[in-house]
Amino acid sequence: MKGLEFIRFIAEINQIPSMDKAYELLKYFELDPKGSIKKMSKGMKQKVALVCAFMQDRQVIILDEPSSGLDPLMQQKFIELVLAEKQRGKTIFMSSHIFEEVEKCCDHTAIIKDGCLVAVEEIAALKNSRRKIYDIEMASAAQALAFSKDYPDIEKIADKLVSVVIVGSTAPLIKALGRYEVTALDVRTQSLEELFMHFYGGKD
């Protein structure tokens with residue numbers, strides 16, 4: 001079966017009177033659906049599936065790994081489409097292992113482990129709970145040691161380098177550092193993927 005034939009078949013069984021939306025989506029995803037589905041690449045098949053999902057104009061849309069196989073440009077176009085559909089009042093349930101996609105598309109996230117729901121969180125709350133790790137180099141190992149005794153939440157100390165973990169305000173850290181001679185400072189923010197991993201028994 002050819003791609004266009006399949007799209008028309010899905011439109012027919014769902015009683016979609018017009019193919020206008022389908023053609024609009026085909027143009028949006030830059031897909032020529034005339035070829036055989038068997039000979040299509042994974043990305044092309046994924047585009048066919050997305051056209052079939054969004055052409056129906058449902059209020060609730062369920063997507064399983066929707067951007068799998070898409071190149072980066074098409075992944076971005078998919079995200080823009082989801083955001084546009086959300087603006088139109090659609091509810092979209094999406095399973096994905098692409099954390100950037102989850103972060104950009106979703107308002108809430110549910111985390112499943114071993115078939116069980118282990119957490120339901122707002123994306124905004126997850127972002128705010130991400131840890132920041134400050135790698136601070138002191139003028140001497142003695143200062144680094146003194147600071148590690150003076151300040152809580154020390155992740156590690158190695159010679160002149162001290163790593164501090166912070167969730168929330170950095171004001172206490174800045175105040176504490178004022179008493180020491182800092183020669184270098186680097187900040188790393190925990191990624192959404194790293195944050196999710198602790199639900200799976202991984203490291204923070």
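Which residues does UniProt list for "domain: ATPase AAA-type core"? The unreviewed entry gives residues 39-97; UniProt positions follow the numbering used here, feature names are shortened, and annotations may be inferred rather than shown by experiment. The model is predicted, so local features need pLDDT of at least 70 and side-chain atom pairs count only at pLDDT 80 or more, while totals for chains, interfaces and linings use all residues. Residues are numbered from 1 along each chain as its sequence is written, and side-chain values use heavy atoms, with hydrogens and water left out.

**Stop 1: residues 39-97**

Select this span: its end C-alpha atoms lie 26 Å apart, and it is 49% helix and 17% strand. Helices (H or I, at least four residues) and strands (E, at least two) are DSSP runs numbered from the N terminus. Next, display strand 1 (residues 60-64) and strand 2 (residues 91-95), which pair in the parallel sense over 5 bridges; pairing requires at least two DSSP bridges between two strands. Ile62 has Phe93 of strand 2 as its bridge partner.

**Stop 2: the largest nonpolar core**

Such a core is a set of buried Ala, Val, Leu, Ile, Met, Phe, Trp, Tyr and Cys residues joined through side-chain atoms within 4.5 Å, where buried means under 20% relative accessible area (1.4 Å probe, protein chains only). The largest one has 39 residues, and Ile7, Phe29, Val51, Phe54, Met55 and Phe78 have the most contacts inside it. Helix 3 gives the most to this core, with 6 residues. Centre on Phe29: beyond its neighbours within four places in sequence, Phe29 is in contact (heavy atoms within 4.5 Å) with Lys47, Leu50, Val51, Met74, Phe78 and Leu81. A second, separate core of 13 residues includes Ala144, Tyr151, Val162 and Ile166.

**Stop 3**

Now select the 4 strands that form an open, antiparallel sheet in the order 6-7-5-8. Strand 6 (154-158) and strand 8 (182-189) stand at the edges with a single partner strand each, so one side of each lacks a neighbour in the sheet. Strand 6 is joined to strand 7 (residues 161-166) by 4 bridges, and Ile157 has Val162 of strand 7 as its bridge partner. Finally, show helix 7 (residues 141-150), which packs on the sheet and touches strand 5 (132-138), strand 6 and strand 7.

Technical notes
Axes are lines fitted to C-alpha atoms, for helices over the stretch in contact, and angles run from 0 to 180 degrees between N-to-C directions. Buried means under 20% relative accessible area, exposed over 50%, partly exposed in between (1.4 Å probe, protein chains only).
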